[in-house]
Amino acid sequence: MTNDVRPTPAESAITSPFLQACRGLKPSRTPVWFMRQAGRSLPEYLAIREGVPMLESCFRTDMVVEITMQPVRRHGVDAAIFFSDIVVPLKAIGIDLDIVPGTGPVIADPIRSADQLSTLRDLEPDDVTSITDAVRGLVGELGDTPLIGFAGAPFTLASYLVEGGPSRDHRRTKELMYRDPDLWHALLGRIAAIASQFLRLQVEAGASAIQLFDSWAGALSPADYDTYVRPHSTAVLESVADLDVPRIHFGVGTGELLTRMGDAGADVVGVDWRVPLEDAIRRLGPERAVQGNLDPTLLFAPTEVVHARAAEIIDAGRHAKGHVFNLGHGVLPATDADALTRLVEFVHSYEPEG
């Protein structure tokens, strides 16, 4: 597979390896960042978060800036991911929810009827002033390092809202989806509008790329994804198309949905570790860049094992339109931070034999 896309003058001015890879250009090195790099495994993150609830930290400008910067300083990654949570815009519009340690987002009044849709009002700029202030502050501190804004995809946020919290089987979510398609589409339409508004505000404040997380889309069959989900993810991704920033779309366990997730409007499709990257590239074709896809648990293996697997992924990624090295999901909390630093150094310096 060859890449003969000619860069526009604006693209030629891009110096960030991350943005170059996202746009199908050829960076001087393989760029790398890690999902959930902002916090999780870093001792400095644990120190600043001590005694501060997760949602509170997401709305404190100073904490958002500091936590987002920590992995950039320590690891030398090629992009910063904005420190937040996918339920933040829901909290900002007044949904009664909390992030419970050891559980995840918990919704006080799950949405299961049409008369509850009115709680999902539009997201206004004043709802997230502390967050957009953090984006502006980060852009100033990051310099040439791009900032990635993000939002939860409509299906994943709907699952939390309908279930009332995390679910292994998404039973109530699918029950609503099948039983009352009109209510389902109305619900996802409202969530798509909120996610779109949140992404646009982040980009207008200075984010250089966005990622749409559909964490639970892997629970769907391809037919159900096409019918019940893809139109709403497409609406979100299309809503920021005019802003001309790379759009990344990622889900867990979505090997059978990769082509569809790309067709929803992604420039870059994130691949989890369950699908060999070379297979994902074949499924996605020459029009999409890829991101991924080292198994996060491999970071607990000996360094030589980690780097050998990373080399295989980098080699496979050279056959895509563009490749951003990442994990196949987020950094696990018990991960040795030094292992991440060593991996960044390896990815940046790796050259294939011959």
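This report walks through a predicted model, from its confidence and its sheet to its helices and a few local details.

## Confidence

The protein chain has a mean pLDDT of 94, with 96% of its residues at 70 or more. Residues 1-13 are another matter: pLDDT stays under 50 there, and the model gives this stretch twelve contacts beyond four places in sequence. Where pLDDT is low, the predicted coordinates should not be read in detail.

## The sheet

The sheet is open and built from seven strands, with parallel pairing. Reading across, the order is β1-β4-β5-β6-β7-β8-β9. At the edges sit β1 (80-81) and β9 (323-324), each of which pairs on one side only.

Strand β1 runs parallel to β4 (residues 147-152), and two bridges join them. Here Ala 80 is found opposite Leu 147 of β4. Further into the order, helix α11 (residues 222-239) lies across β5 (209-214) and β6 (247-251), and runs at about 160 degrees to β5.

Helix α10 covers residues 181-205, 25 residues in total. From its first C-alpha to its last it reaches 36 Å, close to the 36 Å expected at 1.5 Å a residue.

How do α9 and α10 cross, and within what distance do their axes come? The axis of α9 (residues 171-179) comes within 5 Å of the axis of α10, and the two cross at roughly 115 degrees. On the α9 side, the contact involves Thr 173, Leu 176, Met 177, Tyr 178 and Arg 179, while α10 brings Pro 181, Leu 183, Trp 184 and Leu 187.

## Salt bridges

Side chains of opposite charge can pair when their charged atoms come close. The model has 21 salt bridges. One example is the pair Asp 133 and Arg 136, with 3.4 Å from N to O. Both residues belong to helix α7 (residues 129-142) and are three residues apart, about one turn of the helix.

## Backbone details to look at

Most residues other than glycine have a negative phi, and most peptide bonds are trans. Two places are worth a look with that in mind. Arg 36, which is not a glycine, has a positive phi of about 60 degrees; Arg 36 is in the loop between α2 (17-22) and α3 (43-49).

The other place is the peptide bond joining Gly 292 and Asn 293, which is cis, with omega about -5 degrees. Asn 293 is part of the loop between β8 (289-291) and α14 (303-317).

Definitions and conventions
Residues numbered from 1 in each chain as written. Predicted model: local features only at pLDDT ≥ 70, side-chain atom pairs only at ≥ 80, totals over all residues. Heavy atoms only, no water. Pairing = 2+ DSSP bridges. Helix = DSSP H or I, 4+ residues; strand = E, 2+ residues; numbered from the N terminus. Contact = heavy atoms within 4.5 Å. Axes fitted to C-alpha atoms, helices over the stretch in contact; angles between N-to-C directions. pLDDT = per-residue confidence, 0-100. Expected span 1.5 Å × (residues − 1). Salt bridge = Lys/Arg side-chain N within 4 Å of Asp/Glu carboxyl O.
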